[in-house]
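I opened my notebook and started looking things up, chain by chain. Here is what I jotted down.

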Amino acid sequence: MKKFATLFGAALLAGSALSAAQALAADDLTITSWGGAYQESQRNAFFTPFVAAGNKVTEAEYNGEIAKIRAMVEAKAVTWDVVDVDTQTALAGCAEGTFETIDWGKLGLDKSKFIGGDVTDCAVPNILYSTVAAYDTSKTQAPADLFEALFDTKKFPGKRALQKSPFVNLEWALMADGVAPADVYKVLGTDEGVERALKKLDTIKKDVIWWESGAQGPQLLADGQVVFATSWNGRFYNAIKTDKKPFKIIWDRQAPDWDWWAIPKGTPKIDGAYRFITFASDPQRMADQTKWISYGPANKDSAPLIDPAILPDLPSAPDNLKTVFYPDPQFWGDKGDELRERFNAWLAQ
Amino acid sequence: MAMAQALPNDGVMRAADGTPLKVALARAERAEKLKAMALVLPLFAFIIFSFVVPILIMLYNSVYDPDVAENMPQTVVALKSWDGKDLPPEEVFAAFVADMKEAQRNKQTALIGKRLNYEMSGIRSKVVATGRKIGSIEAAPYRDQVIAIDKVWGEPETWATIKRSASDYTPFYILSMLDLRQNPDGSIEAVPADRAIYKSILARTLGISLLVTLLTLVLGYPVAYLLATSPQRTASILMIFVLLPFWTSLLVRTTAWMVLMTDGGVFAGLLHLTGITWFLNLIGVLNGEPQLFKTRFATVVAMTHIQLPFTLLPIYSVMKTISPTYMRAAKSLGGTPFYSFIRVYMPQTLPGVAAGCLLTFILCLGYYITPAIVGGPTDQMISGFIERAINSENNWGKASALGVILLTATLILYYVYNKLVGIDRMKLG
C-alpha cells in the first residue's frame, strides 16, 4: 500500500511539473489556415520569421468550416488562437459572437491603411484572392468564356472539378442561366432562385468531381481527371510557377474575396494572437508573401514593395478585372448556413 | 420445549459456530469473488465510459433541444396561451422584442436562427437581421413594428414553429431523419420531395452493406474451402495472401484503390487491354472509356476488398473443424460430390458463414472513409452524413438522431438475424 502511495505521489509531482511546463509555453500559438501552397506562403512570410523572433507556433489546417470554430467556442475549449477566414465566415462569426472584436489600438495598426478594414469589426484583412477556373493548355482548347468551360459538356466532354460548396458555384450557375450579374443576389435571395441555380448545376452534376481542400483542384487537373477545375488563383499560380504545369487561368467571372485573420472568442492566448497579427500585417512581410503566392496584400503600404513581375498574376491586375464578378459577402454571411444545407441535400440526391 | 440451548433441528447443515454452512461458505467465497470481480472491473469501467455513456448521451442529444427555450424565455411563456390560429397577441410581440434585445446583446440571435432554420428554411438570416434592427423598437405597440422589420413575423406559421420548439425536448430531429415533420397542428407528414434525403440514405447504406456482404461471401467461401482443405504448406502460403491485406491499414488500401480507379488509371487500362471496354461499348453498356473514380462501383469494389478477410476467416476456421470423414461417408452412401457438398458439408459451415456475414454487414453499416474517398456524393453512407452534421453544420441533434437511426437499424437487423439463424449457432472458430 505504501508503495502505491509513493507511486501516486510521484504521478502527482510529474503532473504538476507538466502543467508548469505548459504555463511556460503559454505562447505556443496555434494558427490555422487553408493548407497547401497558401499556408506554405504564410509559413515563409510570417510563421518562420515569427518563430525566429522567439515565439512558438503550431500550425493547423482546415477547409474553411465555420462549424469547427463555432464548436470550439460553444464548448469553451478554444484550441485555435488565430484563424485565417474568408469574408463570409468573418461576417457570420462576428454576428454570432464566434470571434473576438478587434482592438486596432492594441494591434498598433491603422485600420484605414487596410483595404476592407471597415467591412467587419472582428477580423484584420490579410490578402485578396479570387476563385477562378483553369485548364491544362496541353490537353484542352481555350474556352470562349467561363460558362462554356463549366457548362458546355458537348464542346468540352469530361469532368469538371468544383468546390463542394454553394459559394460562387450558385452565382456562376445563375449567370450561365442568363441572369445579369447585377441581379444575381436578388434572384438567389429567393427559394425559386436557389432552385434555378441548382437546376442549372443539375445539367453537369454527373460530370463534376467535388473538391474540399484548395490543393485538390490543381491536383485533379494535373492528373488529367478533369478538363476544367476551379480553385483559388494562387493555387493555380503555384502549380504553374513551382510545378511548371501548363495551366491557364480563366479570369472571366473571377470572384474576388478577402482572407482575414480572426481570433476565436475565448482563446487564453489572446495577447499572443494580437502580437502575431501585428507581426503578419507588416507591409514588407505582406509584400514578401507575394514571392510565393499570387494574392494581393490587403495592406495599402505593401503595394510599392511588391515585385512588379507578379503584378499581372494578381486578381487585381486590370487585364484580369475585365469581366470580374464581385460576390456579396454579407449575403453569404447571412444565408450561408441555409444555402450550404440546401446544397448538401441536393448533392446527396 | 426444553431444547433452548440446542440447535434447531430443521435439517440445515451448520458450521461449528452454528451458522448455516451455506451462509458460512458464501461468506468465505465472497472475498474470492470480489477479487475476481476486481479483474473484470477495468474492462467493465472502460465499457461504461467508452460505450454505454456515449450512447446514452447520443440518445439524449437526439431529443434535447434547448436553444429556443433558453434564448427566448419570455416569448416561450407568452406563447403558451396562444391558440395557434391567428397572429399571437400583443404580449407575445412585447416579450419577443425583449428577448431579441437580450439575445442581440449576448450575440445569441444566430443560435435562435440556426435552430428555427431547421424547420423553416431561410429564417436564419431573417432572425439575425431582425436582431440587428430590434434596438430601434422602443415602445408599444410592438406588433406592427416587429412585422415592419420582416414580414416573416406576420405569419402565424413562424410563431407556431417557435411554440413547437419551445420545449427542451423535441421529436424533431428523429422525425426529420425519417423524412417526416410535424405540422403546426401537431400531426405528422412527409417532408417535400426535394428535401427528403434521409430515407434514401438509410436504404443506400443498407443496400451497399448487403451487396458487399454477399460479394465477400461469394468470393470468400471458395477461398476459405481451398484454404481449409489444402495441404498445410500450400495453405499457409495462401493464407499470407489473405492476411497481408488484412494487416494493411484501411486508409492505405482505400487510397490505393483511389489510385487504381482513377479515370485512365490501372483498372481502366486493364479493362481496355482485356477488351472488356470494347465489348461493353459494343453492347451499348458503355460509351467511351469507363468512368470509375467517384462511383458506386468503385465504392463497392474497395469495400469488398477490405471486408473480404472478415467474412472469410470465420468461415475458414469453422471449415477447419469439419472432419473429412463426413464427406467420405456421404460419398460412400452414394451421394454425388455436388449433392454431398450441399447436403452434408455446407450446413456444417453455416455457423461460420453466419458469423462472417454478420461481422461484415455490421462493419459495413458504419463505413465512412472509403465512400468518402472513392465514392461520389450519391454514394455516401450514414456515417458520412453524421460527420458532416458535426463538422460542417454543427448540428449535434441531427448527428445524434442519425446515430440513433443507425443504432436502431442495426439492432433490428440483429434481432431478425437472431430469429432466423440463432446467435448461439454463430461460431468464430
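**Entry 1: where the chains touch.** Before counting anything, I needed a rule: two residues are in contact if their C-beta atoms, placed from the backbone, lie within 7 Å. I also reminded myself that this is a predicted model.

Next I looked up which parts of chain A are involved.

**Entry 2: chain A as a whole.** I counted 14 helices and nine strands in chain A. Along the principal axes, its C-alpha atoms fill a box of roughly 80 × 50 × 40 Å.

Why did I check the radius of gyration? A compact globule with 349 residues would have one near 20 Å, and chain A has 22 Å, which agrees. I looked up burial too: 50% of the 349 residues of chain A count as buried. Then I checked how far apart in sequence the contacting residues are. Taking contacts in chain A between residues at least 6 apart in sequence, I found that 72% join residues at least 24 apart.

**Entry 3: the domains of chain A.** Where do the domains run? I have domain 1 of chain A at 26-126 + 258-313, and domain 2 of chain A at 129-257 + 316-348. Their centres, taken over C-alpha atoms, are separated by 25 Å.

The contact between them takes 21 residues from domain 1 of chain A and 20 residues from domain 2 of chain A. On the domain 1 side, the elements giving two or more residues are α2 (36-52), α4 (87-95) and β8 (247-262) of chain A. I noted that the largest share of that side, five residues, comes from α4(A). Sorted by class, the side of domain 1 of chain A that touches domain 2 of chain A has eleven nonpolar, seven polar and three charged residues.

**Entry 4: a quick look at chain B.** Chain B is divided into domain 1 (14-56), domain 2 (67-167) and domain 3 (198-425). I looked up one distance here: the C-alpha centres of domain 1 of chain B and domain 3 of chain B lie 42 Å apart.

Key. Residues numbered from 1 in each chain as written. Chains lettered and ligands numbered in written order. Predicted model: local features only at pLDDT ≥ 70, side-chain atom pairs only at ≥ 80, totals over all residues. Domains from an automatic or database assignment. Helix = DSSP H or I, 4+ residues; strand = E, 2+ residues; numbered from the N terminus. Rg over C-alpha atoms; globule rule 2.2 N^0.38 Å. Buried ≥ 20, exposed ≤ 12 C-beta atoms within 10 Å, placed from the backbone. Nonpolar A, V, L, I, M, F, W, Y, C, P; charged D, E, K, R; others polar.
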